[in-house]
Amino acid sequence: MMIGIKIPGMKKLTNTKKNGIYNKPKYVYIPLISQNDTNITIIAKKGDYVYKGSVIGKRKGNLRIPIHSSVSGTVVGFEERPYLNGSIVKCVKIENDFKEKEEVKKESHKTLNHYTKKQFINLIKECGIVGLGGAGFPTYVKYDTDKPIKTLLINAVECEPYITADYALMMEKCEEILEAIDAILEICHIDEGIIAVKKNNTSLIKLINSFIGTYLKIKLVEVPNQYPMGWERNLIKQVKHVTYQNLPIEKGIVVNNVSTIYAIYEALKYERPLTERVVTFTGEMLKEPKNVLVKLGTPAHEVIESLGGYKRNKNIRFVAGGPMMGVAEPNDDLIVTSNLNCVLVLKEGKESLPSECLRCGKCVSVCPAKLSPVLIKDYLKKPERLKELEPNRCIECGLCTYICPSKILVREFVKEAKKKSREG
Amino acid sequence: MKTIINGITKENAIFVLMLGLCSALAVTTTFESAYVMGICVLIVLLGSSFLISLLSKWIPDHVQIPVYILIIGTFVTILEIFLESYVPKLHDVLGIYLPLIVVNCIVLGRSLSVYSKETLGKSLLDALGIGLGYLFALMVIAFFREILGTNTLTLMDHISSLTGYRAVYHIPNNSILPISILKEPAGAFLTLALLMGFFNLLRAHKKGRV
Amino acid sequence: MKEFHVSKGTHIRSNNKTSRMMFHLLIALIPIIVFAWYKNGLQPFLNGDATFYGMILPLLFVGVSTLTTFLVELLYGVLFKKKRGMDILKYPIETYSFFPGLFLGLILPINTSFPILILGAMFATIVGKLVFGGFGHNIFNPALLGRLFVIATYGIVIGEIGGYLNPSELDAVTTATPLTNASLVNGIGTYQTLVEPYGSLWNFFFGTIPGAVGETSAFLCILAFLYLSFQRVIKWKIPVVYVLTVFFMTFLIGNYHDLGIWYPLFEILSGGLMFGAVFMATDPVTSPTTPVGQILYGLFLGILTVVFRYLTPLPEGVLTSILTMNLFVFILDRIGSKARFNFVKSVIPFLIAWVLILGLGVWIGSSHSLPEEGTDPNYTIESKQVDGDTVTYIVTEKGYVGPIRAQIILEHGTIRSIEVLSQSESFYSRIESADYIDRLIENQNNLEEYDTVSGATVTSTALKKMVINTLNDYRVNGKEEVEGEEETVEPDFEVLEKASSGTTTTYIVTQKSFGGKTRAEIVFEEGQVSSIEILEAPDTYQNTVIDADYLEELINASDLNDVDAVSGATITSGAWKEMLASTIEDYEGGADEE
């Protein structure tokens with residue numbers, strides 16, 4: 001059954017180039033935010049000297065994940081910078097001394113699986129590892145459970161167009177990722193590991209298959225080239241043919257993005273916290289689109305300048321994130337954070353005004369969450385009816401706006417409905 | 001004065017309050033029966049409002065409705081007898097809708113909500129306004145239905161026994177008139193709906209919403 | 001600090017555009033318009049049945065209605081939308097205002113005069129679209145609404161000048177559209193009676209049968225459907241389910257009478273079903289948006305169409321079923337949206353639909369009967385009396401509305417007179433004004449080729465068949481007398497019982513009245529009517545008569561002829577008067593008979 005539609009991939013812009021590295025930012029701005037929660041205890045003070053990897057803040061509440069500095073240097077102060085969800089966030093501004101000093105010299109472990117499960121969970125918590133697929137969910141929570149985990153599902157689908165960050169990472173660090181998966185399987189007593197890759201990603205499939213033979217518990221599963229195949233529910237349905245109510249752990253499944261697995265590798269091998277990630281800088285308006293390994297907290301415009309800058313300086317649409325779920329930013333002061341997987345610079349074309357809803361039903365037929373967006377739009381004025389249309393199932397994938405022939409911003413209506421149904 | 005205008009425009013019984021529609025649809029096949037019906041309702045309204053506003057203080061709450069029906073029924077019966085003796089043909093044409101005025105929502109509803117609570121003067125003015133509004137509405141509907149539906153306009157036909165005049169005008173048939181569906185009940189609903197929409201449009205325009 | 005464009009919504013968009021969808025729709029309609037022109041204009045012109053004006057008439061027809069709707073929406077835009085600063089000329093194009101007109105032009109009879117066409121198109125746009133709020137807000141399909149208005153109001157007028165038949169068809173075919181023909185035989189017939197008058201089933205498939213301007217060609221509609229589905233423009237589930245439902249139901253009906261597969265094929269290829277299913281039912285604004293809703297919509301459309309075709313006398317099955325289901329679209333969408341999450345919630349409507357399909361299919365099949373082989377089922381001989389060389393027939397033949405009863409007198413094997421005793425045909429006045437009866441007598445030897453009266457085709461055909469069948473019977477059965485099988489000429493008045501005791505005589509009598517037979521007890525005392533009691537009265541308005549103290553009047557009247565009928569129940573009061581009069585007659589005539 002079709003649980004999505006095929007949309008243009010646009011991956012060719014960046015998936016044949018070698019990855020670049022930009023690791024010399026003058027200042028980094030570490031945002032005091034974790035998963036849209038700005039309740040952070042600030043540990044570093046102005047004037048403090050911090051090492052690369054030192055903890056400069058800790059999230060309050062139940063998910064007490066620490067926030068690390070990605071460079072060594074002096075805390076210059078606090079500044080507000082744009083964040084990828086469109087808001088402005090307070091950040092710790094650190095002046096880079098380019099020495100890459102770490103606080104404690106840690107030896108690299110030869111094998112990765114000598115941790116107990118408890119140690120493992122603590123380790124990835126202290127290393128501040130969050131979901132690098134875009135959600136930013138603290139990874140350790142997924143493993144911190146008494147329920148038996150039967151399957152570890154690695155999401156290497158990357159269904160959103162233009163983005164090739166996971167692909168680029170896998171092409172370079174395939175062996176390391178497999179090693180990490182194997183270690184996790186052993187540490188947490190998981191029965192099997194499945195890597196999910198898109199069917200048409202032939203070079204990646206070949207690469208993985210060449211290494212995967214040694215790992216008996218890890219399988220490679222190909223999934224159809226549809227959007228949003230990377231959505232957790234879709235993927236689990238496609239690969240394991242099960243559905244769950246709220247969390248995958250109900251069926252004994254843990255899903256992790258493949259870039260997160262690489263971060264876990266670094267944590268298991270070097271006990272290093274999360275300080276850098278691969279980000280796809282792409283789009284027609286960039287002179288040199290490519291995947292770049294960037295330190296967290298780097299302003300985006302610096303990276304773009306290092307890539308040669310923009311082709312033209314007007315008619316630019318700057319998107320933080322992918323083309324379907326990303327947010328258009330008014331300027332390029334955006335800072336790279338752990339949940340930013342792409343910076344998309346598009347040409348701003350003439351956007352046609354939305355016209356009357358045709359009631360063609362296309363939005364209904366493409367919604368992966370089985371919603372009826374056209375009806376939600378009609379019933380916005382009648383909140384009592386809204387509840388039975390279950391707008392909270394919406395994952396904001398954007399397919400409804402994509403497909404609408406009248407160019408109506410359908411997703412915005414559903415988002416409004418979500419807000420209304422939560423209030424009333 | 002304002003009350004009267006109110007009854008014709010803002011609280012027009014047919015186009016705004018939408019009460020008493022069945023008689024409005026049934027008797028508007030000819031212009032004459034429409035305005036006669038309207039005048040009858042007006043008379044009943046005036047009479048009932050007069051009595052009810054005077055007597056409401058002494059009528060206990062739990063027998064309100066039967067007593068009002070009694071009062072209204074009296075006036076309607078007087079009218080009926082009058083019509084039957086002087087214009088029997090019209091009485092036949094109006095048929096059962098004449099006694100139905102007793103339970104016409106306009107009269108009963110207004111009595112319960114307005115006349116039982118207001119002073120005599122106010123009630124009379126309100127009755128006048130609502131009655132005129134009803135008369136006006138019926139005349140408009142009947143005007144369109146008769147002219148477009150049957151190519152005639154009956155100003156005075158059966159009443160001629162009272163007034164002595166006869167005024168029936170015809171338009172010759174042509175390729176699109178008569179629109180015969182308008183004299184059927186379906187056409188009545190259609191005309192009523194379109195006119196209601198038109199007047200709603202005027203009202204919305206006045207409020208500045210269109 | 002650079003400033004970039006900021007907008008919500010996704011940053012890539014599909015290629016779908018409403019204008020493209022409408023463009024595809026237009027392309028799909030072009031073969032149909034061309035065929036409509038060919039069949040209704042070009043062909044009659046080449047056959048010599050139509051003038052040059054007649055040849056371009058179909059194109060003009062469609063063009064005028066399209067233009068009217070376009071202009072009406074333009075006017076609406078100028079009056080109401082101008083202050084919003086919209087580009088006025090773009091407005092009617094953007095709202096695809098010409099589509100209702102285009103469809104309307106294709107589904108009306110060719111003989112609709114232009115003023116009626118323009119009025120219908122204006123009605124369709126104004127009441128069908130604009131009153132509801134314009135494009136995207138209407139509940140009913142505007143083209144269908146326009147057609148309903150035209151047929152309901154002017155159907156008779158259009159029928160007078162030929163109805164659905166174009167100039168070529170007026171001569172060639174004896175009856176009207178195939179479905180009207182089928183309704184003569186209750187919808188069930190043999191291949192010969194239903195299909196052959198128009199050719200073979202291929203004629204139905206390609207569309208060379210009488211019908212509205214553009215809705216006859218099933219083949220072109222199927223092509224359009226395939227094209228539009230491929231381009232993902234229409235909701236394909238609706239026509240598929242709709243046609244299959246009708247096919248299945250008529251298959252059940254036909255199967256009951258062992259008719260072949262041609263029967264369901266005949267039903268789906270006639271009546272403009274294909275056109276309605278592909279273009280009218282799939283109108284995006286007025287059809288459901290959810291998949292389950294669409295399937296239910298198709299199912300119920302099929303059920304309603306079959307019900308309207310077989311169980312009601314109206315010929316417009318497709319139109320009324322689509323308009324009716326338009327009312328339920330929002331309920332179907334609610335069911336459909338809930339079913340998206342949990343299919344079980346929609347099981348009940350499906351069950352209802354299936355029960356109706358199977359139940360109605362079997363029931364209609366059993367309640368409509370197949371005519372016997374060889375005989376004309378609509379013709380019966382009530383009585384035939386021979387008196388020397390004169391044979392007097394009393395026969396009935398089924399006409400348009402009901403049976404036509406006539407007395408036909410033959411002398412020396414030739415029809416001398418035809419007297420129609422009773423009929424209830426709608427257009428009988430045309431028969432009379434054409435002196436048709438006399439013409440039948442004149443042309444009795446070559447009646448098969450004799451023309452029918454236009455505007456009263458079915459009635460005249462029935463009369464013709466009646467005469468032909470009578471002549472056939474004479475040739476076959478000669479002067480064999482036929483006694484009327486039932487007491488069909490029922491006496492209007494009958495004395496059931498009469499009892500006297502002393503000076504009181506009590507009658508129980510029956511009198512034919514409006515709804516059937518009224519039975520009453522009338523008591524005479526000392527030569528005068530003393531009481532009348534109604535025992536059984538099946539009349540609708542009898543209460544009016546009773547309330548008017550009519551019986552009292554009758555009893556007290558000295559001369560019954562002075563008593564007026566009760567208005568609103570004329571027939572009933574007249575019957576009761578007759579009854580009393582006949583009773584008095586009997587009483588005074590033979591007071592001592594039992």
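In which strand does Val92(A) lie?

Modeller: Val92(A) is part of strand E8 of chain A, residues 88-96. This is a predicted model, in which local features need pLDDT of at least 70 and side-chain atom pairs count only at pLDDT 80 or more, while totals for chains, interfaces and linings use all residues. Residues are numbered from 1 along each chain as its sequence is written, and chains are lettered from A and ligands numbered from 1 in the order in which they are written. Helices (H or I, at least four residues) and strands (E, at least two) are DSSP runs numbered from the N terminus.

Val92(A) counts as buried because it has 27 C-beta neighbours inside 10 Å. The cut-off for buried is 20 or more other C-beta atoms within 10 Å; 12 or fewer means exposed, partly exposed lies in between, and the C-beta atoms are placed from the backbone. Leaving out residues up to four places away in sequence, Val92(A) touches Ile30(A), Leu32(A), Ala44(A), Ile56(A), Val75(A) and Phe78(A). Contact here means C-beta atoms, placed from the backbone, within 7 Å. Lys45(A) is 47 residues from Val92(A) along the chain, and their C-alpha atoms are 9.0 Å apart.

Next, a sheet elsewhere in chain A. Four parallel strands make up an open sheet in the order E11-E10-E9-E12 (chain A); strands pair if DSSP finds at least two bridges between them. E11 (218-223) and E12 (253-257) of chain A are the edge strands, each with a single partner, so one side of each has no neighbour in the sheet. From one strand to the next the twist averages 25°. Strand E9 (151-155) of chain A is joined to E12(A) by five bridges, and Thr151(A) stands opposite Ile253(A) in E12(A).

Two helices belong in this picture. Helix H4 (202-212) of chain A lies across E10 (192-198) and E11 of chain A, at about 165° to E11(A). Helix H5 (232-240) of chain A packs on the sheet and touches E9, E10, E11 and E12 of chain A, with its direction at about 120° to that of E9(A). Such angles run from 0 to 180 degrees between N-to-C directions, with axes fitted to C-alpha atoms, for helices over the stretch in contact.

Now the cores. A nonpolar core is a set of buried Ala, Val, Leu, Ile, Met, Phe, Trp, Tyr and Cys residues joined through C-beta atoms within 7 Å. The largest has 135 residues, and Ala180(A) and Ala196(A) touch the most other members. Helix H3 (165-187) of chain A gives the most to this core, 13 residues. Domain 1 (106-270) and domain 2 (362-423) of chain A both contribute residues, so the core lies between them; the bounds come from an automatic or database domain assignment. Beyond its neighbours within four places in sequence, Ala180(A) contacts Leu112(A), Ile261(A), Tyr262(A), Ile264(A), Tyr265(A) and Leu268(A). Another core, of 107 residues, lies apart from it and includes Leu259(C) and Phe300(C).

The C-alpha centres of domain 1 and domain 2 of chain A are 31 Å apart. Each of these domains of chain A gives four residues to the contact.

Finally, chain A meets chain C through 43 residues from chain A and 32 residues from chain C. On the side of chain A, E15(A) provides the largest share, four residues.
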